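The following exercises are to be worked with the sequence and the three-dimensional structure at hand. Each task is followed by a solution in steps.

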Amino acid sequence: MRILEGEGVTKNFGGLTAISNVDFHVEQGEIVGLIGPNGAGKTTLFNLISAALVLTSGVIRFKGEKISGLKTHQICRTGVARTFQSVKVFSNMAVLENVLLGSLFGRSTGMSSVDATREAMESLEFVGLSAVRAIPAKDITLANQKRLEVARALATKPELLLLDELIAGLNPTETTEAMELVTKIRDKGITIFMIEHVMKAIMGICDRLIVLHHGEKIAEGTPREIATSRTVVEVYLGEQAYAGS
Amino acid sequence: MILIILFLLATLPLYSRGYTVVLLSSIFMYIIITVSWTMFSGPTGYISLAPAAFFGVGVYTSALLGLLLPLPAVIGMGGLASFFLALLVGALTLRLRGIYFVMFTFGLVELLLHFVLWWEVNITGTTGRVVPTMGNTAVYYIMLIIFVILMITATFIKHSKFGLALQSIGEYEEAAAHTGINVTALKTITFAISAFFIGAAGATMATRWTYIDPRIAFNPLISFMPVLMAIFGGMGQLYGPIIGATIFTYLEEFLITRFPYYYMLIFGIIMVVAILYLPNGLVGLTQKLRKGGLKQPHANT
C-alpha cells in the first residue's frame with residue numbers, strides 16, 4: 001500500500017521553482033531515501049509534506065487521503081511526524097517535557113497526562129535518553145538532541161516518519177548508532193522517508209532511493225540501481241568526470 | 001500562607017486609612033495588568049503593547065453601560081469586550097513575529113484612541129464622559145476579586161499542558177506546530193484571556209476616575225508599564241510580575257509625593273539600572289543569591 005504519495009508537486013518561491021512537478025510515493029513499511037546535491041529541494045519537499053510550506057500546485061496524499069491543504073498540526077495528528085535538518089528542540093525545557101508535548105498534542109485522540117507521561121517515557125527509553133530526561137534540552141549533546149527530536153516525533157505515534165539529515169554532524173560511532181535506531185524504528189512498523197548526504201549510511205539502509213536535482217526528480221530505484229545510474233553520477237560528480245572515467 | 005494573606009487583604013479596609021485602600025487598589029490594578037500580560041507574552045515571547053487598548057475598551061464599556069447594568073455585569077462586559085477584540089486582533093496578527101507584532105499592537109492603541117476621539121467629537125459631540133462612581137472600598141474589593149480569579153486562571157494555565165505548549169511556541173514555534181500543537185488557536189485564545197482581565201481592570205478603574213476621555217482611557221503608559229514591571233520582577237515565575245508591579249507602583253507613589261520635580265528622572269534611572277543589572281528581574285536575582293554562586297553545570301552524556 002502507498003502510505004505517502006505526491007502528484008505533480010510544485011513549489012515556486014516568486015520566480016524561482018524550488019520543486020518542479022515531482023511525482024513520488026512511499027510504500028508502507030519501507031525505508032526510502034531522498035538524496036540530491038545541496039539546493040536540490042529535498043528539505044523543501046519535506047516542508048511541503050508537513051505543511052510548513054504551502055504547495056503551489058499538485059497534491060499530496062497520506063494513506064489515500066489528501067493531506068495537502070491541512071495545517072501543520074493536523075498533518076502531525078493524522079500520523080506524519082518529522083525531525084529537522086537544523087535541530088529544533090525546545091532548549092530550555094527538560095528532555096522529558098519536549099517529548100511529553102508530542103504525546104499530549106500529537107495524537108488524533110486525547111490522552112490523560114498520566115498516560116502521556118508514560119508514553120513519553122517509553123519514547124525516551126526507546127531512543128536511549130531515559131538517563132537525561134530531567135536535563136534541559138540545550139545541555140545535551142548534538143547526537144542526543146537529534147535522538148530527542150526522534151523521540152518527540154515518535155511520541156506523536158506516527159505511521160510515517162520524515163527524518164531530515166539525522167546523521168549530519170555526527171561522528172562515525174554516533175552515525176552507526178543512528179542507523180541502528182532507524183532500523184529499530186522501521187521494525188516497530190513505522191515507515192521512514194529520510195533525507196541524507198552520507199551515501200555509505202543511506203545505501204546500506206534504504207530499500208529505495210529518490211534523487212532530486214534542481215527541484216526535479218531525476219532518478220528513482222534501489223540503492224544499487226542509483227549507484228550505477230549514469231544521470232546520478234553526472235549530477236554528483238559532473239558530466240566531465242563521468243565522460244573521462 | 002496564601003489564605004492568611006488573602007484574609008488580611010480582605011479585611012484590610014476595616015482597619016486601615018482610606019489612602020492605603022486607594023494605593024492598594026492601584027497596586028492591584030497594575031498587578032492584574034502585569035500578570036495578564038505575562039501570562040501570554042512571558043512564555044510565547046510575543047511582546048504585546050496592546051494592554052492600553054484592552055484597558056481603554058474596558059474603561060469605555062464602563063462609561064457606556066455604567067448606568068444601564070448592575071456593576072458586576074458592567075465589569076464582566078468590559079472584560080468580554082476586550083476578550084472579543086483580542087480574539088479578532090489575535091487571529092489577524094499573531095502570525096506576525098518580533099518587531100512587527102510589537103508595532104502592530106502599539107498601533108492598535110493609537111488606532112482605537114483616535115477612532116474614539118473622532119467618534120466622540122463628530123458623532124456624540126462630547127470629548128469626555130462621566131462614569132458612575134461606586135466608592136474606594138468597592139473598587140478595592142472588585143480589584144481583589146479580579147486578582148484572585150486571575151491568579152487561579154494563570155496558575156492553572158501555567159501548570160497545564162497548555163502552559164507547556166505556550167512555552168514551546170516561544171522556543172520554536174515551527175517545531176511546536178510539527179508536534180501537533182494548534183499554535184494559532186492557542187496563541188489567540190491565551191491572548192484573549194489575558195485581554196479579558198485587563199479589560200475588567202479598566203472597567204473597574206473607570207469608576208474611580210469618574211471622569212474619562214479617550215486620552216485618559218487609552219493612555220500608552222498602560223501598555224509600557226506591564227512590560228517594565230514584568231522585566232523588573234522577573235517573568236519566570238508568576239510571583240515575579242506581582243513583586244515587580246507592587247514595588248513599581250509603590251515607588252511611583254513615593255517618588256511623586258517626595259520628589260515631585262525629579263520623580264520621572266529617578267524613576268528612569270532605576271529602570272535603566274534594573275534592565276542592565278537584573279536581566280532575570282528581582283526573582284532571578286534572589287534565586288542567584290540563594291544558590292550562592294555555586295553554579296553546578298548539568299552532567300552531560
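A crossing of two helices is called left-handed if the near helix is turned anticlockwise from the far one by less than a right angle, and right-handed if clockwise. The model examined here is predicted.

**Exercise 1. Helix packing in chain B**

Task: Determine how α4(B) passes α8(B), left-handed or right-handed, and describe the contact of α4(B) with α8(B) by residue class.

Solution. 

Step 1. Locate the two elements: helix α4 of chain B covers residues 71-93, and helix α8 of chain B covers residues 183-209.

Step 2. Consider the geometry of the axes. They come within 7 Å and cross at roughly 145°.

Step 3. Assign the hand. The crossing of α4(B) with α8(B) is right-handed.

Step 4. Sort the contact residues of α4(B) and α8(B) by class: 17 are nonpolar, eight are polar and one is charged.

Step 5. G90(B) lies in helix α4 of chain B. The cut-off for a buried residue is 20 or more other C-beta atoms within 10 Å; G90(B) has 25 such neighbours and therefore counts as buried. Between G90(B) and L24(B), the separation is 66 residues in sequence and 32 Å from C-alpha to C-alpha.

**Exercise 2. Overall dimensions of the two chains**

Task: What is the radius of gyration of chain B, and what does the globule rule give for its 301 residues? Carry out the corresponding check for chain A.

Solution. 

Step 1. Begin with the composition of chain B, which has 13 helices and two strands.

Step 2. Compare the radius of gyration of chain B, 20 Å, with the 19 Å from the globule rule; the values are close, so chain B is as compact as a globular protein of that length.

Step 3. The C-alpha trace of chain B spans about 70 × 45 × 40 Å along its principal axes, and 43% of the 301 residues in chain B are buried.

Step 4. Turn to chain A, which contains 10 helices and 10 strands. A compact globule of 245 residues would have a radius of gyration near 18 Å, and the 18 Å of chain A agrees with this.

**Exercise 3. The open sheet of chain A**

Task: In what order do the six strands of the open sheet in chain A lie, and which are the edge strands?

Solution. 

Step 1. Read the order: β6-β7-β8-β3-β9-β10 of chain A, with mixed pairing.

Step 2. Identify the edges. β6 and β10 (216-221) of chain A each pair on one side only, which makes them the edge strands. From one strand to the next, the twist averages 20°.

Step 3. Recall the basis of pairing: strands of a sheet pair through backbone hydrogen bonds, either parallel or antiparallel.

Step 4. Follow the pairs along the sheet. Strand β6 (residues 80-82) of chain A is parallel to β7(A), with three bridges; within this pair, A81(A) is the bridge partner of L161(A) and R82(A) that of L162(A). β7(A) and strand β8 (residues 191-195) of chain A are parallel and joined by five bridges, D164(A) being partnered with I195(A).

Step 5. Continue to β3(A). Four bridges link β3(A) to β8(A) in the parallel sense, and L34(A) stands opposite I195(A). Four bridges likewise connect β3(A) with strand β9 (residues 208-213) of chain A, again parallel; here I35(A) is partnered with V211(A).

Methods
Residues numbered from 1 in each chain as written. Chains lettered and ligands numbered in written order. Predicted model: local features only at pLDDT ≥ 70, side-chain atom pairs only at ≥ 80, totals over all residues. Pairing = 2+ DSSP bridges. Axes fitted to C-alpha atoms, helices over the stretch in contact; angles between N-to-C directions. Nonpolar A, V, L, I, M, F, W, Y, C, P; charged D, E, K, R; others polar. Rg over C-alpha atoms; globule rule 2.2 N^0.38 Å. Buried ≥ 20, exposed ≤ 12 C-beta atoms within 10 Å, placed from the backbone.
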